[in-house]
Amino acid sequence: MKISYILIILFLLCTVRAAGIVCPATPPYPPCCVSSEFWSGGWIYLVFISITLVILLLSVVYMLSKIFVKHEWEIWVKDEMYQILISVVIISTLIIVLSIICEVFTTLAGNDPFLIAHNYLNSLIWDKTLNMATNAFQYSVLCQLLAAFRLQIGPVSLGVGYNQQAGLRAVAVCFDFIYTFCAGISASLMVQDIGLSIIQAFAFRIMLPLGIIFRIFPFLRKAGAFLIALSLGLYIVYPLCFVMNKMIVDSVLPEIQLSLPPLETYVETFLTAIISPFMPIALMGLYTVMNQVAFLIPQALFLPTLNLVITFTFIKNAARVLSQNFGEGY
Amino acid sequence: MLLQIALSDISGGIFLGGWETAALTALLVSFGIIALAFAIGIGFGYRELEEWAKNEMYEIFISGLIVGTLIGLINIIFAMSINLAGGNPLEIASSNVSSMILETNGLFLTLLQYNLYLGALSTLKFSFFVPIPIIPPVVFLVIRIGSFVSPWAGLGALMSGVDSVFNVLGAMIAALLVEQVLLSFIKLVILKYFLPLGILMRTFSITRVAGGTLIAIAIGAYIIYPLAVIYSWNVYSQFKAVSTPGNPGDPAGHMILENIKWDIKDTINTLTPILKNFVIIGITFFLSIIITFSSIRSLAGALGGDPDLFGLARLI
């Protein structure tokens, strides 16, 4: 009796709250809106029907346990009823606090976290890493051009010739490595950017409602808990990590000058190297590029790795918390 | 001496609007939720909920203890590391890495000049022709039979070896530059952002593991990593003093005459210490990384974090 009152009240709260966070029928979708695809068939109604079905099943099992005098079935039914109550509490808490959490984090970030994350990644990819890769590639081409330059004294049939900058091929290999490294980093960051778009599109609109429905059924409880944890982690924690990265980068790291040098710079370097062959002109460009890559590594490699570590640690722990029986221990 | 790290050094600043307030608020909110769960457990006779609430209360107290003793704890550990290092570990580590970069840069420059000289020498070509007059009865012809000779073309093989050493030195410099930038990054960022965020996240049960992991990363990066770098610098200095005393290698000293005489033995002997240098710097670099990561894993386990975070990092 007590349980049924609690269930009714919580469902009323859920329904009222859910109405406020359901996505509209057509885009643009506000942040943190939960799917409306199920709403018309009604994912809240699906949840209600699922709970009813499970309670019906448990009632049947309870009756059979009394008929056949099976105590273990009776205990199992009581456990499952308790689990249904826990599921309802989780669902209602999620729905009630979801929009509050999103609003709080949007206020903390100053804007939609996804927008900030996209801008940060785009700036990192297109203004920094790809520029650096292009810079390194151009220097490599310059070094190879210089290495192939041949100085001929006298006619070809009677003279002396030599490649005065042949050693620059080794420097070109260094630039090639930097180019490959930066191009790889860019690709990784692009994948993360695309991943963010995918998460924004389907985490709260498909994954979360599915997870909620799955958590109700005994044999799908862990899967449901995992889906709920995954959607929360990907939609809330992951973009916030990028917001934190942007704040760190803006306030702490120096602005890296990554504009591409004009064509005249390369021509001047080429001519200077021809005139003074043993001057280490190429080293200056190499050291500068290496220094810039070193500054890029915290923001392009270390911080994104940390984002993934934080997000997946959160998902693992949240899935364990959401699937536990609150008493059997961790 | 004790208060090396002031409250302002670990202030959350803009991000959390003052992490102290946020951490205390988070603790109070968690306490409220647990108290509610405990009341429901007592009221409705749900023993499992009661047990869960008791467990969570214990975790809240641990988190509160961490918040309350944070500054003192970090200061004590930092004072110990100052004692071990003989000064501020971050500054000493940074200075050690700068010394390694300076030494390696000198070798890099010398090797580049040597490589340029070797490249020019190995491509030197003398071309000539022999005119052969042909005097037939009617027409006078001169046929030129020409050829060329590259006396030092064989040095191209040596040049390939020098190229490899050169690239290896480049990789060494890159690794050292990254170490230096990481040290600066850790000094500026870790205590201000990661540690307060970790404490905040540790307060709530759903983010407890991630918070514990962040705290472990913060302490490991700020305290263990500089000590590991200092330790590896000492290993490098000791090894260099024993195996390659004095100048680790000056190929330019053997630049001109020996190679023209096709005597490359001295050149190879001179390059060997450079390779040894690379090996020891590479080993010390990985050693400092391994020490840091192992410490972070142990700390993460002790603080309730996830020690298996490196499996997750492979995803990147």
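Between chain A and chain B the count of salt bridges is zero, a salt bridge being a side-chain nitrogen of Lys or Arg within 4 Å of a carboxyl oxygen of Asp or Glu. This is a predicted model, in which local features need pLDDT of at least 70 and side-chain atom pairs count only at pLDDT 80 or more, while totals for chains, interfaces and linings use all residues. Residues are numbered from 1 along each chain as its sequence is written, chains are lettered from A and ligands numbered from 1 in the order in which they are written, and side-chain values use heavy atoms, with hydrogens and water left out.

Polar contacts between chain A and chain B come to five residue pairs, both residues being at pLDDT 80 or more; such a contact is a pair of N or O atoms within 3.5 Å, where within protein one must be able to donate a hydrogen and the other to accept it, and residues adjacent in sequence count only if both atoms are side-chain atoms. On the side of chain A that touches chain B, at least two residues each come from α1 (2–21), α4 (71–109), β2 (159–162), α6 (168–216), α7 and α9 (281–323) of chain A, helices (H or I, at least four residues) and strands (E, at least two) being DSSP runs numbered from the N terminus. The most is given by α9(A), with 25 residues. In total, 67 residues of chain A are in contact with 58 residues of chain B, contact meaning heavy atoms within 4.5 Å. The two chains bury about 5,600 Å² between them, 76% of it on carbon and sulfur atoms, where buried area is the accessible area (1.4 Å probe) that two parts lose on being put together, summed over both.

Chain A itself has nine helices and two strands, which follow one another along the sequence as α-α-α-α-α-β-β-α-α-α-α. Of its 330 residues, 50% are buried, that is, under 20% relative accessible area, with exposed meaning over 50% and partly exposed in between (1.4 Å probe, protein chains only).

Aromatic pairs are the next topic. Rings of Phe, Tyr and Trp (its six-membered ring) pair if their centres lie within 6.5 Å, and planes under 30 degrees apart count as stacked, over 60 as edge-to-face and the rest as tilted. By this rule there are 10 aromatic pairs over all chains. One of them joins Tyr120(A) and Phe242(A), a tilted pair at 6.3 Å centre to centre with 50° between the planes. Tyr120(A) lies in helix α5 (residues 113–148) and Phe242(A) in helix α7 (residues 221–252) of chain A, so that the pair links distant parts of the chain, 122 residues apart. Tyr120(A) is buried at 6% relative accessible area, and Phe242(A) is buried at 0%.

In chain B, Phe108(B) and Phe166(B) are stacked, because their ring centres are 4.5 Å apart and their planes at 10°. Since Phe108(B) belongs to helix α4 (residues 89–122) and Phe166(B) to helix α5 (residues 155–203) of chain B, this pair ties together parts 58 residues apart in sequence. Phe108(B) is buried at 4% relative accessible area, as is Phe166(B) at 0%.

Finally, Val69(A), in the loop between α3 (43–67) and α4 of chain A, has a positive phi of about 55° although it is not a glycine, and is exposed at 56% relative accessibility.
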